[in-house]
Amino acid sequence: QVEVADPISTSGPIFDGYLNTLDAEIFIEVRQVGRYGLMMFRERLYLMLSKLYHYRVLKKTNVYLALVLTTLPDDAMRPISINRIFNEFQPAITNGLLKVMEVNFTQAEAAELFIEEGNA
């Protein structure tokens, strides 16, 4: 969780991961683009980016969110959902606050993800 002097709220998001490199602080969020798409995630993403923006201004350091979007072979909403993220959050992408990466699983890779422990 990021401690930030936020003029609006004291609550903050919990990120999936964090890396502190020599030249950046990278906060990581991983999301599957599935049947529900990313519509429900939009407000959470906005909150994350807002907190990281305030943190960046306060610390005067290179901070960004690495958003990893995963898709399974049957994720029909992938192009629409991902394009919407790119369109709505273009300012954050342009100023380096958001970097989006896609991981597309093949049918075989997806099958391996869902193997039950008893069957492995």
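At 2% relative accessibility, Glu29 counts as buried, a label given to residues under 20% relative accessible area, with exposed meaning over 50% and partly exposed in between (1.4 Å probe, protein chains only). Glu29 has its place in strand β2. Helices (H or I, at least four residues) and strands (E, at least two) are DSSP runs, numbered from the N terminus.

With neighbours within four places in sequence left aside, the contacts of Glu29 are Ile14, Phe15, Asp16, Phe41, Arg44, Met48, Leu65, Ala66, Leu67 and Val68. Contact here means heavy atoms within 4.5 Å.

## Basis of the model

The model is predicted, so local features need pLDDT of at least 70 and side-chain atom pairs count only at pLDDT 80 or more, while totals for chains, interfaces and linings use all residues. Residues are numbered from 1 along each chain as its sequence is written, and side-chain values use heavy atoms, with hydrogens and water left out.

## Overall make-up

The protein has four helices and four strands. Read from the N terminus, its elements follow the order β-β-α-β-α-α-β-α. Of the 120 residues in the protein, 35% are buried.

The accessible surface of the protein is about 7,900 Å², and carbon and sulfur atoms account for 56% of that surface. Accessible areas come from the Shrake-Rupley method with a 1.4 Å probe, and for residues only the protein chains shown count as cover. Among contacts in the protein with a separation of 6 or more, 70% are between residues 24 or more positions apart.

## The sheet

The four strands form an open sheet with mixed pairing, in the order β1-β2-β3-β4. Its edge strands, β1 (17-20) and β4 (98-104), each pair on one side only. From one strand to the next, the twist averages 25°. Two strands pair if DSSP finds at least two bridges between them.

Eight bridges join strand β2 (residues 25-32) to strand β3 (residues 63-71), and this pairing is parallel. Within it, Val30 stands opposite Val68 in β3, and Arg31 has Leu69 of β3 as its bridge partner. β3 and β4 also run parallel, joined by seven bridges. Leu69 stands opposite Glu102 in β4.

β3 is mostly covered, with nine of its nine residues buried. Val63, Leu65, Leu67, Leu69 and Thr71 point one way from the strand, and Tyr64, Ala66, Val68 and Thr70 point the other way.

Helix α1 (residues 42-59) lies across β2, β3 and β4 and runs at about 155° to β3. Axes are lines fitted to C-alpha atoms, for helices over the stretch in contact, and angles run from 0 to 180 degrees between N-to-C directions.

## The largest nonpolar core

A nonpolar core is a set of buried Ala, Val, Leu, Ile, Met, Phe, Trp, Tyr and Cys residues joined through side-chain atoms within 4.5 Å. The largest one holds 20 residues, of which Phe27, Leu45, Leu49, Leu52, Leu65, Leu67 and Leu98 touch the most other members. At least two residues of this core come from each of α1, β3, α2 (78-88) and β4. The most come from α1, which gives five.

Leu98 is in contact with Leu49, Tyr64, Leu65, Leu67, Phe89, Ala92 and Ile93, leaving aside its neighbours within four places in sequence.

## Salt bridges

A salt bridge is a side-chain nitrogen of Lys or Arg within 4 Å of a carboxyl oxygen of Asp or Glu, and by this rule the count is five. One of them joins the side chains of Glu29 and Arg44 (3.6 Å, N to O). Because Glu29 lies in strand β2 and Arg44 in helix α1, the pair ties together parts that are 15 residues apart in sequence. Glu29 is buried, whereas Arg44 is partly exposed at 28% relative accessibility.

Arg42 forms a salt bridge with Glu43, with the closest N and O atoms 3.4 Å apart. Arg42 also meets Glu88 in a salt bridge (2.4 Å, N to O). This second pair links distant parts of the chain, with Glu88 in helix α2 and Arg42 in helix α1, 46 residues apart. Arg42, at 31% relative accessibility, is partly exposed, and Glu88, at 30%, is partly exposed too. Through shared partners, salt bridges join Arg42, Glu43, Arg84 and Glu88 into one network.
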